[in-house]
Amino acid sequence: LLGHLLHPDPLAPELGVVLVPDGSTVALGPLLAGIEVGLKQARGWPGPTTRPPLDPLYAVTISEALGTSFLLARGGHGHQATLGPAGCWDNVEDPQNYTLLGPPSPVPDAVANGAMDGVLLGAQVAQEPIPLANLLRGYYGTGNGTEKGRPPSSYRRRDFGVLTGPGKLEEEVAAMLRVLQELPPTQELLEAVGPEELVAIAGQAARDFMEVYVECPAIVPRCMWGARPYRGTPKLLTLPLGSVFIHHTFMPSDPCCTFAACTHAMRAMQRFHQDTRGWDDIGYSFVVGSDGYLYQGRGWHWVGAHTKGYNSRGYGVGYVGDFSATLPDPDAIALVRDRFLPCAVRTGRLRHNYTLRGHRQMGHTDCPGNSLFQEIGTWHGFK
């Protein structure tokens with residue numbers, strides 16, 4: 001069993017993954033490899049003797065897979081051919097089978113998550129070795145969330161970005177590609193790659209990985225929260241859009257702070273919107289949980305039902321909770337303000353000069369609540 005989990009078939013990367021309590025899917029291979037390196041370093045292991053020198057923590061988790069992915073995709077179209085896809089479990093309450101949502105690359109989302117976790121936990125145990133069970137329970141929490149709030153794993157993107165820093169990942173991918181040039185199994189693959197091209201491949205790989213998995217927030221796909229099918233035929237948006245409309249759900253009135261609570265809230269909202277309001281689907285484009293994740297509603301490409309008269313002009317982003325008198329927690333505010341909106345601009349889905357408004361500015365409603373409305377008045381793009 002461990003052999004299959006830690007060394008899955010490269011053509012079937014979905015076989016070596018687990019669903020962790022924060023609702024994300026993690027490949028066990030890079031996760032445990034990173035922890036092993038950290039434990040060896042804690043015991044005084046000097047590291048591998050390679051030329052050029054490698055940081056073993058990145059070598060066993062992400063740099064080889066990332067360099068190989070972009071090497072094989074030379075002449076392709078950026079991260080679309082080299083990173084991802086995400087995937088979904090057949091049942092998040094009793095997960096048995098995980099299915100990718102598209103053709104696999106060497107770095108599907110689960111491998112990216114496992115690699116980031118392997119780096120973070122490897123660095124942690126290198127400083128302070130603790131029993132493996134305690135390490136994993138403390139990082140991922142128990143059950144679907146923790147009584148103490150968000151588990152550290154829900155901050156993996158932020159923490160990996162802080163630990164890695166600018167330039168570090170590019171250096172490690174370039175060093176790994178130079179080592180692979182000397183190894184018999186990969187010499188042929190790299191024999192026509194000159195020094196300048198090697199540096200360019202490493203730079204592109206590092207930039208794309210950091211954009212997709214660090215600078216942009218994680219978005220939980222529909223199949224992971226148990227969405228019903230869309231009724232009818234979705235209408236496509238014409239991108240990039242020029243507006244964003246901020247909402248609060250009002251009901252449920254309490255913020256959702258765990259994966260289980262947020263998926264339950266998503267299903268309840270979809271039932272209400274479809275069965276009571278008679279809409280084709282949940283109305284929001286995206287929904288913001290207080291568990292550290294965005295949840296896909298209509299998503300990037302489908303016209304929503306969130307702001308009457310303006311659904312085809314902008315994205316509707318709804319915070320789970322009633323924010324008439326209180327604010328979402330600072331992390332949930334930053335998730336949209338500092339990560340989602342800049343990511344939407346960088347990826348060409350939102351115009352750089354977009355306009356941000358509260359729902360109440362577009363119709364007769366108190367949404368998104370007095371407190372949240374005052375908060376978004378300080379955001380970039382508010383008008």
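This is a predicted model: local features need pLDDT of at least 70, side-chain atom pairs count only at pLDDT 80 or more; totals for chains, interfaces and linings use all residues.
Residues are numbered from 1 along each chain as its sequence is written, and side-chain values use heavy atoms, with hydrogens and water left out.

**Figure 1. The disulfide between Cys88 and Cys223.** A disulfide is defined as a pair of cysteine sulfur atoms within 2.5 Å; the S to S distance of Cys88 and Cys223 is 1.7 Å. The S-S torsion of this pair is about 65°, so the disulfide is right-handed. Cys88 belongs to strand 3 (residues 87–89) and Cys223 to helix 10 (residues 222–225), so the bond ties together parts that are 135 residues apart in sequence. Helices (H or I, at least four residues) and strands (E, at least two) are DSSP runs, numbered from the N terminus. Cys88 is buried at 7% relative accessibility, whereas Cys223 is partly exposed at 36%. Here buried means under 20% relative accessible area, exposed over 50%, and partly exposed in between (1.4 Å probe, protein chains only).

**Figure 2. The disulfide between Cys216 and Cys343.** The sulfur atoms of Cys216 and Cys343 are 2.0 Å apart. With a torsion of about 95° about the S-S bond, the disulfide of Cys216 and Cys343 is right-handed. Distant parts of the chain are linked, 127 residues apart: Cys216 is in the loop between helix 9 (195–215) and strand 5 (219–220), and Cys343 is in helix 12 (residues 330–346). Both Cys216 and Cys343 are buried.

**Figure 3. The disulfide between Cys256 and Cys262.** An S to S distance of 2.1 Å separates Cys256 and Cys262. The torsion about their S-S bond is about 95°, so this disulfide is right-handed. Cys256 is buried, at 4% relative accessible area, and Cys262 is buried as well, at 1%. The count of disulfides comes to three. When the bonded cysteines of the protein are numbered in sequence order, the pairing reads 1-3, 2-6, 4-5.

Figure 4. Cys257 is partly exposed, at 41% relative accessibility. Cys367 is buried, with a relative accessible area of 8%.

**Figure 5. The interface of domain 1 and domain 2.** Domain 1 spans 1–215 and domain 2 spans 222–377, with bounds from an automatic or database domain assignment. Their C-alpha centres lie 30 Å apart. The contact (heavy atoms within 4.5 Å) takes 23 residues from domain 1 and 14 residues from domain 2. Together the domains bury about 1,500 Å², 54% of it on carbon and sulfur atoms; buried area is the accessible area (1.4 Å probe) that two parts lose on being put together, summed over both.

**Figure 6. Salt bridges across the interface of domain 1 and domain 2.** Two salt bridges are found across this interface, a salt bridge being a side-chain nitrogen of Lys or Arg within 4 Å of a carboxyl oxygen of Asp or Glu. On the domain 1 side that touches domain 2, the elements giving two or more residues are strand 3, helix 6 (156–164) and helix 9. The side chains of Glu215 and Arg346 form a salt bridge with an N to O distance of 3.6 Å.
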